[in-house]
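Hi everyone, thanks for coming.

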Amino acid sequence: MAEVEIKQENLVYAKPRLITDNVMHYCPGCSHGTVHKLVAEVIDEMGLAEHSVGISPVGCAVFAYNYIDIDWIEAAHGRALAVATAVKRLNPGNLVFTYQGDGDLSAIGTAESIHAAARGENVVAIYINNAIYGMTGGQMAPTTLLGMKTATTPYGRDPRLNGYPYKIAEMMAHLDGATYITRQSVHTPANVRKCKKAIRKAFENSMAGNGFSLVEVVATCNSGWKLSPVAANRWLEENMLPFYPLGDIKDVKKEETR
């Protein structure tokens with residue numbers, strides 16, 4: 001059989017250049033793979049592959065360095081934004097970002113996250129919010145919804161016992177150092193496109209020295225939620241998005257915050 005000639009003008013889609021050939025360990029239906037693809041595409045399109053440093057912490061996101069072919073540093077659990085602060089201050093011309101889950105950025109790493117935003121560090125936090133601890137067995141996270149069943153709230157999250165979920169994006173929006181705060185998702189093709197634009201805007205914000213940026217991605221964890229990928233997307237729409245509405249929360253220039 002003759003080889004089919006691949007013409008550039010006929011190419012509809014290809015694997016992002018910076019995505020490695022390693023087989024991803026994420027569960028089928030997980031949102032991480034889609035977000036990895038977007039990060040890789042944006043870095044490549046911006047021409048920053050040789051000038052990017054990603055910080056991966058503990059959790060499902062820890063193996064991001066296996067899949068996106070840039071420089072990476074692995075941080076202790078919750079300390080990613082502290083590490084990112086040091087890297088960016090030492091190398092201000094580099095794109096520096098963290099890739100963190102909700103149990104990392106908004107639980108054990110709350111202090112580091114809040115203070116990096118308050119200081120206006122010129123870094124980006126990509127924050128995957130699936131309302132559960134995915135890697136360690138499906139325990140309750142700070143973002144777990146009221147009534148949601150997890151390994152540590154088998155009868156549903158009860159505010160009298162477990163407190164209330166909180167929205168760290170809205171909390172950060174009150175800080176003068178935070179200039180771009182947005183919440184996106186990747187559960188539909190249209191939302192994937194919006195999320196990519198948000199990631200690019202955050203990266204551009206950082207490179208322009210405009211302060212701290214957070215891109216929250218409301219994500220699925222069908223394994224932790226005990227749902228099929230299709231049912232998990234539907235559950236996200238019906239339950240997650242009413243509490244975590246999508247869209248830009250804050251978008252200002254640094255001088256406007258003074």
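Let's begin with Trp 225, which is buried, with a relative accessible area of 10%. Please keep in mind that this is a predicted model.

Who is the ring partner of Trp 225? That is Trp 235: the two ring centres are 4.8 Å apart and the planes meet at 50°, so the pair counts as tilted. Trp 225 belongs to helix α8, residues 222-225, and Trp 235 to helix α9, residues 229-243, so this pair ties together parts that are 10 residues apart in sequence. Is Trp 235 buried or partly exposed? Trp 235 is partly exposed, at 23% relative accessible area, and the cut-off for buried is under 20%.

Trp 225 also turns up among the contacts of Asn 130. That asparagine sits in the loop between β4 (124-129) and α5 (159-162), and with 8% relative accessibility it counts as buried. Leaving aside residues up to four places away in sequence, Asn 130 touches Asp 102, Ala 219, Thr 220, Cys 221, Trp 225 and Met 240.

Back to the rings. In total, the structure holds six aromatic pairs. One of them joins Phe 97 and Phe 203, whose ring centres are 5.4 Å apart with planes at 40°, so this pair is tilted. Phe 97 is in strand β3 (residues 95-101) and Phe 203 in helix α7 (residues 189-207), so the pair ties together parts 106 residues apart in sequence. Phe 97 is buried at 0% relative accessible area, and Phe 203 is buried at 0%. Ring pairs also bring in Trp 72, giving a cluster of Trp 72, Phe 97 and Phe 203.

Now, the pockets. The largest has a volume of about 280 Å³. Its lining has 20 residues, with Gly 134, Met 135, Cys 221, Ser 223 and Gly 224 nearest the centre. Which element gives the most to that lining? It is α8, with three residues. By type, the lining divides into seven nonpolar, 11 polar and two charged residues.

The second largest pocket holds about 220 Å³ of space. It is lined by 18 residues, and Val 58, Gly 59, Cys 60, Tyr 133 and Gly 134 lie nearest its centre. Here the largest share, three residues, comes from α3. This lining divides into seven nonpolar, nine polar and two charged residues.

Conventions
Residues numbered from 1 in each chain as written. Predicted model: local features only at pLDDT ≥ 70, side-chain atom pairs only at ≥ 80, totals over all residues. Heavy atoms only, no water. Helix = DSSP H or I, 4+ residues; strand = E, 2+ residues; numbered from the N terminus. Buried < 20%, exposed > 50% of the residue type's maximum accessible area, 1.4 Å probe, protein only. Contact = heavy atoms within 4.5 Å. Phe/Tyr/Trp six-rings, centres within 6.5 Å; stacked < 30°, edge-to-face > 60°. 1 Å grid on protein atoms, 1.4 Å probe; cavity = no way out; pocket = protein on both sides within 12 Å on 5 of 7 lines; lining within 4 Å. Points joined across faces, edges and corners; volume = space filled by probe spheres on them. Nonpolar A, V, L, I, M, F, W, Y, C, P; charged D, E, K, R; others polar.
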